[in-house]
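Let's take a friendly walk through some charged side chains and a helix. Have a look at the structure first, then read on.

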Amino acid sequence: MRYLAALLITVFLAGTALAGQCPSLVSQIDQQLQSAQLDSKTEASIKALRDQGESLHSQGKHAESVKVLKKAIKKLDAMS
């Protein structure tokens with residue numbers, strides 16, 4: 001029984017940590033977009049990923065949101 005309780009607590013805390021990470025990643029993308037020199041196609045692609053990540057976050061799909069947002073950041077970093 002203790003193992004089950006420990007597992008549930010771990011899963012809960014991991015989900016909470018991911019949930020808190022999403023808004024900071026969105027903010028990071030927004031800040032980088034302000035100073036980035038991108039062509040309109042690349043900028044639109046990154047903004048679409050950002051919006052998708054924000055939508056996933058609001059749906060409670062935090063692991064997927066983090067994955068999409070990190071993809072947008074990686075794309076931004078490659079262009080800098």
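Glu43 is partly exposed, because its relative accessibility is 27%. Keep in mind that this model is predicted. The partner of Glu43 is Lys47, and their side chains form a salt bridge with N and O 3.1 Å apart. Lys47 is partly exposed too, at 37% relative accessibility.

In the whole structure, a search finds four salt bridges. Here are three of them:

| Salt bridge | N to O distance |
|---|---|
| Glu43 and Lys47 | 3.1 Å |
| Arg50 and Asp51 | 3.2 Å |
| Arg50 and Glu54 | 2.8 Å |

Salt bridges also link Asp30, Arg50, Asp51 and Glu54 into a network. Is Arg50 buried or exposed? Arg50 counts as buried, because its relative accessibility is 13% and the cut-off for buried is under 20%. Arg50 and Glu54 are about one helical turn apart in H2, being four residues apart.

Now for helix H3, which covers residues 62–79. Its 18 residues span 26 Å from first to last C-alpha, close to the expected 26 Å. Buried residues in H3 include Val66, Leu69, Ile73 and Leu76. Lys74, also in H3, is exposed at 64% relative accessible area.

Finally, Lys41, Lys67, Lys71 and Lys75 form a positive surface patch. H3 gives the most to this patch, with three residues, while Lys41 lies in helix H2 and is exposed at 70%.

Note on methods
Residues numbered from 1 in each chain as written. Predicted model: local features only at pLDDT ≥ 70, side-chain atom pairs only at ≥ 80, totals over all residues. Heavy atoms only, no water. Helix = DSSP H or I, 4+ residues; strand = E, 2+ residues; numbered from the N terminus. Expected span 1.5 Å × (residues − 1). Buried < 20%, exposed > 50% of the residue type's maximum accessible area, 1.4 Å probe, protein only. Patch = residues over 30% accessible without salt bridge, like charges linked within 9 Å, V, L, I, M, F, W, Y side chains within 5 Å. Areas by Shrake-Rupley, 256 points an atom, 1.4 Å probe, with all protein chains shown as cover. Lys, Arg positive; Asp, Glu negative; His and termini not counted. Charge placed at Lys NZ, Arg CZ, Asp CG, Glu CD.
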